[in-house]
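Subject: The two-chain model

Hi,

Here is the structure I promised to pass on.

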Amino acid sequence: MRHALFLGCFIPVRLPHIEAVARRVLPELGVELVDPEGFSCCPEPVGFLTDRITALAMAARNISIAEEAGLDIITLCNGCTYTLRQANQTLKGDPALRERVNGILAETGHTFKGTVEVRHFAQVLHGQVGMEKIRSAVRKPLTGLRVACHPGCHILSPPDVMGFDDPLDPVVLDEMIAALGAEPVDWDRKTLCCGWTLTNYGDKESANRLLGAKLEAMRAAKADCSAVICPQCFYQFDTGQMLAARELKFDYKVPTLYYLQLLALAMGHSVEEANTRGHRVKDPALEEKLGRLTA
Amino acid sequence: MALAIRAQYLEEGRRRAAEICLKCGVCCTVAHSCHVMYDHQFNPRYTFVYDCLASEKGAANPNIWLCVSCHKCEETCPYEVSPIHFIEHLKGEGLTRNIAHPTIRAEVTQVVATGYAFPLTSATDRQRQGLNLAPLSPRAVADIVKIAEKTGLATRLKEAQP
C-alpha cells in the first residue's frame, strides 16, 4: 500500500513531531510512505482567498507529481485533503477547466491527468487498512481513556467531495478511537469549528470564547483528552488553549493528542516515541494514566 | 420578497445560485450555528444576503472575516445556495482591493515566495534535527511563480502591498 506522502506546510514547519510519528507508525500498518520531489503548499491559503484558478493550478501541479510517481496521495492534514480532493474531483469532471489549468501548468512541465486519488491518513486507516488490522495491531489497549473526538470541519464538508463521514453527526473518528481500546465520549459541540481561522483572520476574542465553549463541553463529558486529525485543530487545542486560558482564566486543562500519537501508544510505543512531551497543555492525571496504560 | 442582487462581480454560476436564495434563514437556525457560537456580530444570512448580494461594498465589511469556513451553512441550506462560497468570494475581492485581512495576504505572499504557508525558522530547523527529520528549504518556487504570473495572482499581490 504505497502512497506519496503529502506533508503540506503546517506539520513539517510547526508540528514536525507529528510528521515523525506518522513516519513511524503508518509503515508498521503496511502504509509505505514515499516522498516524491516537488510538492508545494496545497495551497489552502490561496484557495481560501477564492483565487480559484490559481488554487486549482497549484493543487493540480501537486497531484500531477504524484501521478508521475504512479502513487495515490496520503495527507496528514484536513486542509490539504480538502484542497487537493476538491481540485482532483473538479478537474476530473470538467475537461474544459482541466484543459485551461493544464495550459497554465504548461511552462512548469507538469500535466494533470486525473489518474490518482487523494486520501487523508484517517481515510487510509479506516477505509484501506481497516479497523480489524488496527485492532490486531494494538499491544497496549488504551482501556479507560476517555477521548473527545474532534474530526474538524474540512475532513467532513462537503461530504460528496470528502467522502469521510456525516458532517452533522460524525462517528468515524470515534470508531477509530474505540479500535485502540479507548472510550470515545459523547460530547456537545463536537462539530463546531476549532476556531483556527477566526484566530488568524478574524477576531481572537471570539475564537477564545469558541474554544472555551468546546473545552467546557469536553470537560462536562469527563474527557481525559481530545483526539484530532488536523494540525490547525491540534494547534488551536494545544497552543491556542494555553493562550486562551490566560485570557479566560480556565481552571482546568483538556490536553489534545493527534490520533497518530494515540495509535502509536496503543501499538506499544513509549510516550517518548509518541512525541507527546513537547505539548503545551499537559495534565498530570492524563500523563499518569498514559504511563500506566503503556507500561 | 425577491432580493435585488447588486453584486455585479459575481460570476454567472454564483449569480444563478444567489437568485434561488429565499432568505429562509435555515443557515442561521442550525444548532450551534456561527452567529450563536462564533461571534454575535456574524450571521451568515445578514453577511451573505445583505452584504454579499445586495451591496457593492460587501468586501469592505469586516464581518466576512468572522466566517470560519466551517461549511455548516452549506450543509443546512435547503436550496444548495452555499453561503460560504459567496463569503469566500468577498474575501478574494478584499485582496484585490487591498482591504483583506493582513494575515491572509502575508500567507499567500509567503506561499509564492517559498512554497510554504509559514516562515521557515531556525526553531523549525532545531526541532526537525532533534527528531531526525530532513531539513526544510524553499520548494517549487520557480513553478509557483510561473503559475502566479500566468493567473495574475502575482500582479494582485504586488498591487495589494500596503
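This is a predicted model: local features need pLDDT of at least 70, side-chain atom pairs count only at pLDDT 80 or more; totals for chains, interfaces and linings use all residues.

Chain A has an open sheet of 4 strands, with parallel pairing and the order 2-1-3-4. At its edges you'll find strand 2 (32–34) and strand 4 (118–120) of chain A, each pairing on one side only. From one strand to the next, the twist averages 40 degrees.

On one side, Ile73(A) in strand 3 of chain A is the bridge partner of Ala4(A); in strand 4 of chain A, the partner of Ile73(A) is Val118(A). Strand 1 and strand 3 of chain A are joined over 4 bridges, while strand 3 (residues 72–75) and strand 4 of chain A are joined over 3 bridges. Another pair to click on is Thr75(A), which sits opposite His120(A) in strand 4 of chain A.

Which helices go with this sheet? Helix 5 (residues 78–93) of chain A packs on it and touches strand 1 (2–6), strand 3 and strand 4 of chain A. The direction of helix 5 of chain A makes about 155 degrees with that of strand 4 of chain A. Helix 7 (residues 121–129) of chain A lies across strand 1, strand 3 and strand 4 of chain A, but runs at about 90 degrees to strand 4 of chain A.

**The other sheet**

Further along, 4 strands of chain A make an open sheet in the order 6-5-7-8, again with parallel pairing. Strand 6 (183–184) and strand 8 (256–258) of chain A are at the edges with a single partner strand each, so one side of each has no neighbour in the sheet. Strand 5 (residues 146–150) and strand 6 of chain A pair in the parallel sense over 2 bridges, and there Val147(A) stands opposite Pro184(A). Helix 14 (residues 259–266) of chain A packs on this sheet, where it touches strand 7 (225–228) and strand 8 of chain A. The direction of helix 14 of chain A is at about 80 degrees to that of strand 8 of chain A.

**The core**

The largest nonpolar core has 131 residues. Val147(A), from the pair above, is among those with the most contacts inside it, along with Ala60(A), Ile63(A), Ala227(A), Tyr259(A) and Leu262(A). Helix 4 (residues 52–69) of chain A supplies the largest share of this core, 9 residues. Leaving out residues up to four places away in sequence, Ala60(A) touches Ala87(A), Leu91(A), Val101(A), Leu105(A) and Phe112(A).

Chain B comes to 10 helices and 0 strands. Of its 162 residues, 41% count as buried.

Helix 4 of chain A meets helix 9 (residues 141–151) of chain B, and their axes come within 10 Å and cross at roughly 150 degrees. An angle over 145 degrees counts as roughly antiparallel, so that is how these two helices, helix 4 of chain A and helix 9 of chain B, are arranged. The crossing is right-handed. Ile53(A), Thr54(A), Ala57(A), Met58(A) and Arg61(A) are the residues of helix 4 of chain A that meet Asp143(B), Ile144(B), Ile147(B), Ala148(B) and Thr151(B) of helix 9 of chain B.

Ala57(A) is worth a click too. Is Ala57(A) buried or exposed? Ala57(A) counts as buried because it has 32 C-beta neighbours inside 10 Å. Not counting residues up to four places away in sequence, Ala57(A) touches Val101(A), Ile104(A) and Leu105(A), as well as Ile147(B) and Thr151(B).

Cheers

Key:
Residues are numbered from 1 along each chain as its sequence is written. Chains are lettered from A and ligands numbered from 1 in the order in which they are written. A nonpolar core is a set of buried Ala, Val, Leu, Ile, Met, Phe, Trp, Tyr and Cys residues joined through C-beta atoms within 7 Å. A residue is buried if 20 or more other C-beta atoms lie within 10 Å of its own, exposed if 12 or fewer, and partly exposed in between; C-beta atoms are placed from the backbone. Two residues are in contact if their C-beta atoms, placed from the backbone, lie within 7 Å. Two strands pair if DSSP finds at least two bridges between them. Axes are lines fitted to C-alpha atoms, for helices over the stretch in contact, and angles run from 0 to 180 degrees between N-to-C directions. Angles under 35 degrees count as roughly parallel, over 145 as roughly antiparallel, 65 to 115 as roughly perpendicular and the rest as oblique. A crossing is left-handed if the near helix is turned anticlockwise from the far one by less than a right angle, and right-handed if clockwise.
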